[in-house]
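This report describes selected strands and helices of one protein model. The sequence and structure come first, and the description follows.

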Amino acid sequence: MSANTPLSNYEPGASIHGYTVSRAVPLPEREALFLELFHAASGARHIHIQNSDRENVFAVAFKTVPRNSTGVAHILEHTALCGSKKYPVRDPFFSMIRRSMNSFMNAFTAPDWTMYPFASQNRTDFHNLMGVYLDAAFFPRLLPLSFKQEGHRLEFAPSPKPGEPSLEYKGVVYNEMYGAMSSPDQVMGHALLEALYPDTTYGNNSGGDPACIVTLTREALLDFHKRHYHPSNAWFYTYGSLPLEEHLGIIENEVLRHFSALDPDTAVPSQPRFPSPREKTVPYPASGPNLEKKHQAALAWLLCGIEDTLEVLALVLLEKILLGNAAAPLRKALIDSGLGSDLSDGTGFDAELRDTMFSCGLKDTRAEDAKTIESLILDTLASLAKNGIEQELIDTALHQYEFRRREVTSTPYPYGLKLFMQACPPWLHGADPVRGLDFGRDLDTVRERATAGGFFEGLIQTYFLDNPHRVLLRLAPDPGLQARQREKEQEKLFAIEKDLTPEAEKAIREDALALERLQDEEEDISCLPTLTVGDIPPDVERIPPGGTPAPSFVIPYEAACGGVLYYTVVAPAGHLPLSDIELVPFLCHVSTQMGTRNRNYVELARKKSALTGGVSLGAGARTLHDKAGSPLPIAAFDMKCLSRNADAALELAEEILLSPDFSDIKRLKELLLEYRSALESQVVHSGHLLAMSLASRSFSTSLAIEETWHGVHQLLAAKKWCGDLSENALRAMARRMEELAVRLFARDTVKAGVVGADKDVEKACAAAARFVARLPEKAPSPGGESVLGIPLPVPAREAWTTATQVSFVAHALPAPRPCHPDAPVFSIAAKLLRALFLHKELREKGGAYGGYARANIEAAMFYMGSYRDPQVARTIEVYRQAYDFLARGEYGEEDVAEAILQTAADMDKPDPPGQAARKDFFRKILGVTDEKRQEFKDGALGVTRARIMEVGRRYFNPVEPLAPVAVITSPEALERANQELGAEKALEAREI
């Protein structure tokens, strides 16, 4: 069946493998056919979207409605993937990652649903994964030791400090949530739900509160699975080019025939409305100076039910009107007030819960400013309701919504899965899933009502001004919170120790030994299906440019992008002065947000939103694909727009690039504070990436520049700049940026890439020619040392401390250049090391949420890293042992074949046409030819166990103590780690 299959083949009432077709609806804007089916015998529901996309998607979602904060839904999501009836192995999920060519595999827990999705281009692989996923979800073993490993358990600490309990809590989810609740945005997100939905499931922490997680029993987990993981409480989804009949046959045979329909009683009631507004203050862990300015204040409302799809769409558009860009009235009023640095965490409209919600406010505020912020928000909304909303704002919101729905991207999820993420929440609560996919009808209705006048003003009046169900939520920094939480936990552990009987003590020790034996056991996973190296397509996919005559500096790509044009301009940045190196990424960040000589930032923001789907300028330190690994710092400008706006959008791009204006120092200050805030939020969310950057910065010029531009050192620079926000300091910064901006682009070095339909590509080529003609012939010299002269630090063992309850530990070592025959071996070794060693040692045994090995072929680096890790010293020792693991060859040819499968899956991962062409454009800039890509793939497909052992012995020779090592952690965790490491191996302390 194709997207053009006659509807008569799937008329309502038709029967397929026990399913009845409910309806078939063409989705012309998505070039697809929507089918909805129902399996009466089991109560299962199914949506299928048929089209020509080779990246086929499967998902099954369950409505999961926890009644407490023990994290039962989250822990079940983890434990269900630890072995099932048909596949009784310890970890079939991670094993299948190795035995598959999937382009996506994961599992998600949301406040009211749990989802198990995957994607693959290979038909056999798709069916293999479907079988494993179905068995894991509906027939999991949920063994006691799996529950203890993934959820929580008690163990005796190997060497407790004096005055501390000898018992400690462990568990993957326990540690994950311990880390999650270190993050202000996570604390804010849960606090908003708890405050707005106190009487429904949303008032509980679905991920789990660490203090409550330790009270969950395995019996409660089994009961939750029995009630929630039933076909009558399941929503199935398939997407892509594979035949629907095959999917339905597998699902019916493997699962549905074993169940009878029932009422799962999982309906989520609407939250009873408040008679009057409320206020709430919630603490979050924080450290450092100036905490009096680290509060957040947010005003949040409960709005309409999710089933009212037309109203939901109207509120989505209203959010864009109010907050969608720098000129949006509510966003502008908040930022212009100077009461905070950026919008509060959780700001925006959330249409994924039974009752929708809206929140807005400011972060980096003072406690006493919360009521002022509340009044500012209400006054701004009242003014809009009374005086009206400009038609330009409405038109811009409609344009932005249309663009987001038209653009096909695979970020952050495969496109087919993104469609289900849109359709699933309303579908779970009884709304029509088609309305979220075929947006044309509702959008036309909203346009008509908006044209009549007063429509959005009425929504403001109804849902904000006249709605008493609102909460003023204050998030308060508390430097003593973590210590009090730790103290409370220790009191609980001391109490458990006091009452511990000899039998109970023996059981704890036996469980620990049994779990260790289970984790160390070499198990037979031959029951799991697998692909072979022979299933891998031998050739790389090539993206041929051309089709349109273009200037020599332009690479054109004609591609079907759904009426979207992509325009990229790249210039080398290695000639910029070293003295200004820290400023380069901030310059790029603000260049598209400050205004131009023709428009102030408000006018520019409106124009960008009205004409484009996004405009950005970014800096990055890349590495050329040559034997020397020559550094190539670049500045890259990106713009995307609908075809109908191409002419005006390209003119706007030229204006932004050629005439930026940094003289509005009030705006510069706002952007600087926002910038610092965004960098700060990365520390807890992306600590593993920051640690890897720190660990590798001593090995090459490109990596040193990249750390300066996007790592912890960029955050330190932003904090330094924010230390002096005087008019003189800001004007000096503006002058430096003006001088830097004119150095960026020069005629002899600039390159452009354009992707879209043929007529749009022609327009973009002409626009690029006009732009380049106005550039100076050559870039001015730096007048001293350039950024390429950045000094390389000595490899170190360092720990950067911040307010976090978990750690991120990284180690790096150099790898061969991509043109070297050993380079593909490193890619295979990384997959092998993660799957067979680090996953077991760091996640299963150590309790970290993730353990990673990565080969960065472009930069010629090999990394090991951990995410949300309760250990530091032990993890560093695991990294040292990893060297021995590779060299000893404690793996077989089948393990190597699985690592090759994973590597090939990464290389062959599909992209929509626009993304695929843009990647090819950058490959050409770096000198990565299709022939070199093919040579690398050929090398990867030919890797053997003997080659990995030989490469391991030559390259993986650890120094003692192991260096470089970079850790992001808390001061308390660093103190414990250094006690375990000893004075000779101690980590040098630094503060973020």
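V809 has V967 of β27 as its bridge partner. The strands concerned, β24 (residues 808–814) and β27 (residues 965–969), pair in the antiparallel sense over four bridges; two strands count as paired if DSSP finds at least two bridges between them. Helices (H or I, at least four residues) and strands (E, at least two) are DSSP runs, numbered from the N terminus.

The model is predicted: local features need pLDDT of at least 70, side-chain atom pairs count only at pLDDT 80 or more, and totals for chains, interfaces and linings use all residues. Residues are numbered from 1 along each chain as its sequence is written, and side-chain values use heavy atoms, with hydrogens and water left out.

An open sheet of six strands with mixed pairing has the order β25-β26-β24-β27-β23-β28. Because β25 (850–856) and β28 (988–991) stand at the edges with a single partner strand each, one side of each is left without a neighbour in the sheet. On average, neighbouring strands of this sheet are turned by 20° against each other, direction ignored.

Helix α29 (residues 823–845) lies across β24, β25 and β26 (861–867), and runs at about 170° to β25. Axes are lines fitted to C-alpha atoms, for helices over the stretch in contact, and angles run from 0 to 180 degrees between N-to-C directions. The axes of α29 and helix α31 (residues 893–907) come within 8 Å and cross at roughly 115°. Residues of α29 in this contact (heavy atoms within 4.5 Å) include S827, I828 and K831, while those of α31 include D895, V896 and A899.

| Strands | Bridges | Residues opposite each other |
|---|---|---|
| β20 and β21 | ten bridges | V615 and M639 |

Ten of the twelve residues of β21 are buried, so this strand is largely enclosed by the rest of the structure. Buried means under 20% relative accessible area, exposed over 50%, and partly exposed in between (1.4 Å probe, protein chains only).

β21 (631–642) is also among the elements that cover the buried residues of α32, along with β19 (564–572), β20 (614–623) and α33 (930–941). Those buried residues are G914, Q915, A916, A917, D920, F921, F922, R923 and L926. At 1.5 Å a residue, the 14 residues of helix α32 (residues 913–926) should span 20 Å, and the end C-alpha atoms are 20 Å apart, which agrees; the expected span is 1.5 Å times one less than the number of residues. Just after α32, G927 takes a positive phi of about 85°.
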